Amino acid sequence: MYTDVLIIGGGIAGLACGVGLCGNGLRVVVVEQSAALGGRARSWVDRETGDVVDIGPHILLSEYRNMLRLLELLGTRERIAWRTDRFITLFEKPHAVPVRMGRLPAPLHFVRSILSAPTISIADANSNARTTWTAMRLTEDDVQRLDGVAAADFLRGQGVTKRFRDWFWASTAMSIMNVPLERCSAGALLRFYQLLLGHNDLRMGFPAIGLSELYVPQATRRIEADGGRILTQSGVKRLTGADGAPVGAVLADGTRVDARWCVSAVPPQSLGEILPPEWRGRDPAFAELSAFEPSPYVSTYLWFDRKLTREPSWARVWSPSNLNYDSYDLSNIRSGWEARPSVIASNIIYSHRADGMSDEAIVDATRREIAEYLPEAAWSTLRHARVHRIPMAIPCPFPGTERKRPPTRTALPGLLLAGDWTRTGFPACMESAVRSGWLAAEQILAEAGRPRRLALGLDAREGITGLVQRLRRATGT
Ligand SMILES: Cc1cc2nc3c(=O)[nH]c(=O)nc-3n(C[C@H](O)[C@H](O)[C@H](O)COP(=O)(O)OP(=O)(O)OC[C@H]3O[C@@H](n4cnc5c(N)ncnc54)[C@H](O)[C@@H]3O)c2cc1C
C-alpha cells in the first residue's frame, strides 16, 4: 500500500494531525492498534448502566488553545462545560477552600483565596513570593536550566515553607504533573505555574459528553471525507525505510505501507518497540525513550443512589495518606444528567500505592475519601462501581525529562514525531497532544509546498505577569 502520509496512532495527537492535513490533496492513512480510536483520551459505554464513561475524568483549561480550535473545527467546542463560579475547590479535612480568580490583575488575583485557607499563614504565603517572581520572569532557557533540579529541592532553596510546599506545590505536582514533588522537574512545574500566574481569568472545563464523542467520530468523518483512511486493529510492528528513501511501516498482519511522510503519534514506549534497532543511534531522541516512565492512574467510577452535591469537582490537598486527588460528579457536568443521582469519578494519580489493592478495597477507600468531603456518601447506597486501572496517563516529568522531549522533526527524512510527550511547551496533556499533531501536519505541508499555519503558540501573558514578561523581553534582562 502507498500513501502520502502514514500516521501511526489514532489518539488525539494522530487524529489532530490527520484533521490538520485535510483539504491539501495529500492522501492520509491512520493506523491504530486498538479496536477503538482515542487512545488515552477515549470513552466507552459502561455495560451495566449504559452510561458513556471516560477512561478517567479529564479536564481542559481555557488556555487549551489548540484543543479548543480543534473542537471548533469539529463543531463540538460548545460541548465543554466551563466552571465559572471558581477555579477549583481545594479540600483538606475539614476545610474546603474555593480558589477564585479575584478582580486584581494576575498574579494578585489568587492572593485572597490563598489567604482564606485556614491552614495557610501570611508567613507561608509570603514564603512563596520569591518563587512567584521567578515564575513570572521565566523564559524557556530558564525552564531548561531548572529541568535538572527536583522541584522539592528548588522550592526548599527558595525558602518556601513546608506547609506551603505541601498545601500548594505537592498538590499541584500530583494533580497536574502527575508525580510527587520530590520527583518533579522544577522547570516543568514552574512553567505550568507561570500559566496560572499569567491569566486574569483562567477557567477549568469538563467534557459535557463522553471524551471520545467530542472528537473521534467528527475527526474520522473529516479525514475519510477528504479521501483518507483510518484502519483500526492495525498495529505497526516495525518502521521501515532507508536513508533518503520513503519511510513506512509493516503492520502486525504483515501488510507493508510505504509513505512519503510517516508521523509517529504513539507514546515513547511504543515508539521504542517499532523502531528498527539499527535506527537507534540515528537521532538523539531515539536513545532517550526509556527516560519517559509512565505515570499510572486508577480511575474509580461510583454510581450513588442520590444526589450528594451540586459541585462539579473538587481536589484533595496533598497528604502522604491520600489515595485519590481529584473527584468529579458527572451528574453536575454531563448535559442531561442534572436530575440524576451522583456519579462520582475519582483519580488515584501516580497510583503505585494502589498496586496491591483489590478493586473492592479501592472502591471502599475511595468512598471513604469522598465521604470526608460529602458525608452522605458514607450511608447512601452505592448502586454500581467500576475501577479502571490505566498503565499510563502521561509520561512522568521527572527532573531531566523536559530537555529530552523531542522536536517534531527527526534526523530521518520523512519521519516526524507527535504525541503529548514531544516538545510542545505544555505539560503532557490533551493540549500538548493536539499541538504536536498540528506541528507535524505543518511540517509536512511546508515540505509539500503548501505551507499552512495550524499550531497556536502559548497565549501572551496578562496582568502584571504579562507586563514583567514584556519588560524582560524588551530589556533582555
Ligand atoms: C485517566 C487519565 C486522566 C487524564 N487527565 C487529563 C486531563 O485532565 N487533562 C488533559 O489534558 N489530559 C489528561 N490526560 C492525558 C491525556 O489523555 C493524554 O495526554 C492524551 O490523550 C495523549 O494523546 P496522544 O495522542 O499523544 O497519545 P495516546 O492517546 O496514547 O495515543 C496513541 C495511540 O497510539 C496507539 N498505538 C500505540 N502503539 C501503536 C502501534 N504500534 N501501532 C498503531 N497504533 C499504536 C495507541 O493504541 C493509542 O491509541 C489523562 C490521561 C488519563 C489516562
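1. Five cavities of 30 Å³ or more are held by the structure; on a 1 Å grid over the protein atoms alone, a cavity is a set of points where a 1.4 Å probe fits but cannot get out, whereas a pocket is an open set with protein on both sides within 12 Å along at least five of seven lines, and lining residues have an atom within 4 Å of a point. Grid points are joined across faces, edges and corners, and a volume is the space filled by probe spheres set on the points. This is a predicted model, in which local features need pLDDT of at least 70 and side-chain atom pairs count only at pLDDT 80 or more, while totals for chains, interfaces and linings use all residues. Residues are numbered from 1 along each chain as its sequence is written, and side-chain values use heavy atoms, with hydrogens and water left out.

2. The largest cavity contains about 140 Å³ of space, and among its 16 lining residues P395, P397, E402, R405 and A428 lie nearest its centre. At least two lining residues come from each of α8, α9 and β18, where helices (H or I, at least four residues) and strands (E, at least two) are DSSP runs numbered from the N terminus. The lining of this cavity comprises 12 nonpolar, one polar and three charged residues, with Ala, Val, Leu, Ile, Met, Phe, Trp, Tyr, Cys and Pro counted as nonpolar, Asp, Glu, Lys and Arg as charged, and the others, Gly among them, as polar.

3. The second largest pocket holds about 430 Å³ of space, and of the 21 residues that line it, L138, Q194, L458, R461 and Q469 lie nearest its centre. Its lining takes at least two residues from each of α6 (140-146), α9 (186-197) and α14 (463-475), with α14 giving the largest share, five residues. By class, this lining has 10 charged, seven polar and four nonpolar residues.

4. Seven strands form an open sheet with mixed pairing, in the order β8-β7-β15-β16-β17-β14-β18; two strands pair if DSSP finds at least two bridges between them. Because β8 (95-99) and β18 (382-395) stand at the edges with a single partner strand each, one side of each is left without a neighbour in the sheet. Neighbouring strands of this sheet are turned against each other by 20° on average, direction ignored. Within the sheet, β7 (residues 88-92) and β15 (residues 313-316) run parallel and are joined by two bridges, and L90 has A315 as its bridge partner in β15.

5. Helix α8 (residues 162-177) packs on this sheet and touches β7, β14 (294-304), β17 (343-349) and β18, its direction making about 125° with that of β7. Contact here means heavy atoms within 4.5 Å, and axes are lines fitted to C-alpha atoms, for helices over the stretch in contact, with angles running from 0 to 180 degrees between N-to-C directions. Helix α12 (residues 359-373) lies across β7, β8, β14, β15, β17 and β18, and runs at about 70° to β14.

6. Helices α1 (residues 12-21) and α13 (residues 430-447) pack at an angle of about 40°, their axes 7 Å apart. Residues meeting across this contact include A16 and G20 in α1 and W438 and A441 in α13. The contact residues divide into 13 nonpolar, three polar and no charged.

7. Two backbone details deserve a look. The peptide bond from K93 to P94 is cis, with omega near 5°, and P94 sits in the loop between β7 and β8. Most residues other than glycine have a negative phi, and most peptide bonds are trans.
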